[in-house]
Structure formats: C-alpha cells, structure tokens
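User: I have a new model open and would like to go through it with you. Could you take me through a few parts of it?

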Amino acid sequence: MAKSKYKIHCEPDCAGAKPKPGSQSPPDNPRCPDVRIYGDYASKKPPPYIPHPYEHACFKPRKEDYKAPTTSDEGGNEDGRNEPLCVRRDHRTLTSTQLDRFLNAFTLINSMNALAPLVDIHSNAAHQMHGNPRFLPWHRIYLVRLQELLQMVDPTVCLPYWKSSEEQAFPSWLLGFTPTVNLAGGPHTVNRNIGAFAFLPDAGAVTTAMGNPTFDTFRPALEGIHDSAHVWVGGSMLGISTAPTDPVFWMHHAEIDRIWAEWQVANPGQNPNLTGSAAIMDPWSEDEVATRDISALGYSYV
Ligand SMILES: [Cu+2]
C-alpha cells in the first residue's frame with residue numbers, strides 16, 4: 001500500500017468559507033476537496049442527496065439468523081513475512097500498541113474533519129449501496145477509502161475486522177470509545193445499545209450463507225447477516241446516516257468483506273451482475289471489475 005501518497009486537504013472548519021470575490025464559479029467544496037477520497041463530493045456540484053429508503057426502518061434483523069451463542073477459538077494469524085499489502089487482521093490478534101494506533105488514527109482523521117464527509121457519503125441513497133448487488137463491491141471501495149485516510153496519518157494502520165459470528169461479543173477495548181463526529185446534519189456522538197435488539201448471527205449462519213453458489217443468492221444472505229449485526233450493536237449503528245461514525249462499523253464491514261473474499265476464492269467467476277452506471281461505484285470511479293481482487297486494491301486478510 002502506498003504510504004502517505006495523499007495529503008488530507010480537509011479544513012478543520014470551513015463554515016465561513018466563501019467564494020473568492022470576483023471568481024466566476026464557486027470554489028471546490030471547501031469541506032472535502034480531496035477527489036481521491038470523496039469522489040464527486042469534492043467537486044463544485046456534489047451528487048444530489050436522496051434519502052435512503054431504509055433511513056427510518058433502519059437495518060432489519062432476521063430472526064432465522066439467531067442461534068444460541070457458541071464459543072470457539074480458531075482464527076489467529078500466520079506470518080512474520082514482509083508484507084507489501086495492508087494486512088487486515090482479526091482485532092483479537094492485535095497488540096495493544098496496534099489497537100492504540102488504530103484508535104489514534106481514527107481520532108486524528110476525525111479531528112481533521114476528514115472522517116465526517118466520508119460518513120456523510122453513506123447517508124446518500126443516490127449511491128444505491130444497500131439491498132442490491134452493489135452492496136458488497138460498493139462497501140469494499142468505501143473501506144479502502146477509510147483505510148487510505150487512516151494511512152495518511154499512520155501508514156502502519158490497517159483496518160482490523162470483527163468476527164462477530166464467532167465472538168458473539170462486542171470488542172471490549174472499543175466500549176469506551178465514543179467519538180463525536182461533525183456530520184453535515186450536525187454533531188453526532190457514537191452511542192450503542194448492545195444486544196438490546198435482534199440477534200447476532202452465529203458461525204452456522206455464515207457457513208450457510210457461504211454455501212450459496214451464485215452471487216445473486218450469496219449477496220442477500222450475507223447482507224442479512226450484516227443487517228442483524230448492525231441492529232445488535234444498536235444506537236449509532238442502527239442509522240444509515242450515523243453508522244460509520246462508530247469504528248465498529250468499519251470493523252464489521254471488514255468482516256463482511258473478508259467473508260465475501262473467502263467466498264470469491266471458493267466460487268471463481270461468480271461476480272455481481274452490474275452494467276452501465278450501476279457498475280460504477282460512485283461517488284468514486286472504480287468499476288465492478290476493479291473490486292474483484294482485493295490484492296489489487298492493496299490489502300489482504302489473515
Ligand atoms: Cu452501508
């Protein structure tokens with residue numbers, strides 16, 4: 001992964017930013033002018049905002065996902081190699097220094113107001129990133145964008161994943177971490193209501209989803225599992241416009257992305273059926289084909 005190739009240009013506070021007197025056209029979006037990270041949102045004319053149809057219904061748990069919690073302790077990592085790729089690891093295998101670095105980087109990009117515009121992108125249903133085949137490829141690129149932001153402030157940080165189906169618990173080291181993020185709609189402080197609603201799908205549910213031989217059956221199965229974990233965490237994670245303020249959102253999606261990557265290896269040639277504009281992961285320029293190979297995107301999972 002390229003190290004600190006891009007600089008964060010977001011201003012800490014641009015509420016008072018105005019076009020230069022005499023300029024013919026409006027300035028670039030003063031809030032997030034970095035096209036690489038924010039895509040069209042960095043331009044003079046960001047995409048129109050379309051409220052998400054799930055905005056109020058939030059994520060829907062699936063009762064059939066529920067099975068009594070089990071504990072097991074596989075996983076872990078191999079290596080010690082020199083890795084050219086950003087290696088995403090199970091958060092349980094990180095050292096306390098690595099956990100601190102992740103939280104520090106998250107805090108830093110938030111304090112630079114570089115996180116909020118990325119969160120705001122998730123609230124715009126114009127991108128059609130839920131409930132259709134774009135769900136997996138779109139969030140794959142979304143995670144890469146966060147990872148790029150994190151690496152701008154600390155090139156050693158790779159997104160950890162939260163294997164909730166196996167763990168059946170919230171990462172304890174995150175419990176006290178509730179940042180406030182200055183979203184377009186106003187400041188939002190991360191809150192959670194862990195386990196109050198719904199079910200945390202277990203390893204069996206993941207295995208069942210993995211058994212789907214085509215993308216068109218696999219994707220809804222995995223998205224349903226994803227929804228349930230959102231509801232299980234509760235609070236900020238319940239709302240599409242607030243979920244990405246919680247670092248667990250990114251760790252949860254990394255796990256969903258990891259499961260997809262594993263499924264891809266087992267089911268070669270099975271790709272989302274997307275053509276034309278639906279195949280472009282707007283507001284970014286990557287197309288569906290560019291989302292198929294995670295190593296080409298600069299990361300791997302152990
Ligand atoms: Cu999402």
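User: What covers the buried residues of α3?

Analyst: The cover over the buried residues of α3 includes α1, α2, α4 and β2, where helices (H or I, at least four residues) and strands (E, at least two) are DSSP runs numbered from the N terminus. This is a predicted model, in which local features need pLDDT of at least 70, side-chain atom pairs count only at pLDDT 80 or more, and totals for chains, interfaces and linings use all residues. Residues are numbered from 1 along each chain as its sequence is written.

User: And how many residues of α3 are buried?

Analyst: In α3, 8 of its 8 residues are buried, a word used when 20 or more other C-beta atoms, placed from the backbone, lie within 10 Å of a residue's own, while 12 or fewer means exposed and anything in between partly exposed. Among them are L115, L118, D120 and H122.

User: Which residues touch the most other members of the largest nonpolar core?

Analyst: That core has 64 residues, and L118, L146, L149 and L222 touch the most other members; a nonpolar core is a set of buried Ala, Val, Leu, Ile, Met, Phe, Trp, Tyr and Cys residues joined through C-beta atoms within 7 Å. The largest share of this core, 10 residues, comes from α4.

User: What is L222 in contact with, beyond its sequence neighbours?

Analyst: Setting aside neighbours within four places in sequence, L222 is in contact with A209, I256, I259 and W260, contact being C-beta atoms, placed from the backbone, that lie within 7 Å.

User: How do α4 and α8 cross?

Analyst: The axes of α4 (residues 135-153) and α8 (residues 247-266) come within 10 Å and cross at roughly 130 degrees, which makes α4 oblique to α8. Oblique is what remains once angles under 35 degrees are called roughly parallel, over 145 roughly antiparallel and 65 to 115 roughly perpendicular. On the α4 side the contact includes L143 and L146, and on the α8 side W250 and W260.

User: Switching topic, where does P179 lie, and is it buried or partly exposed?

Analyst: P179 lies in the loop between α5 (164-167) and β2 (180-183), and it is partly exposed because 16 other C-beta atoms are within 10 Å.

User: What is P179 in contact with, leaving aside its neighbours within four places in sequence?

Analyst: With those neighbours left out, P179 is in contact with T107, N110, V190 and T245. The C-alpha atoms of P179 and T189 are separated by 5.7 Å, though these residues are 10 apart along the chain.

Terms used
Axes fitted to C-alpha atoms, helices over the stretch in contact; angles between N-to-C directions. Contact = placed C-beta atoms within 7 Å.
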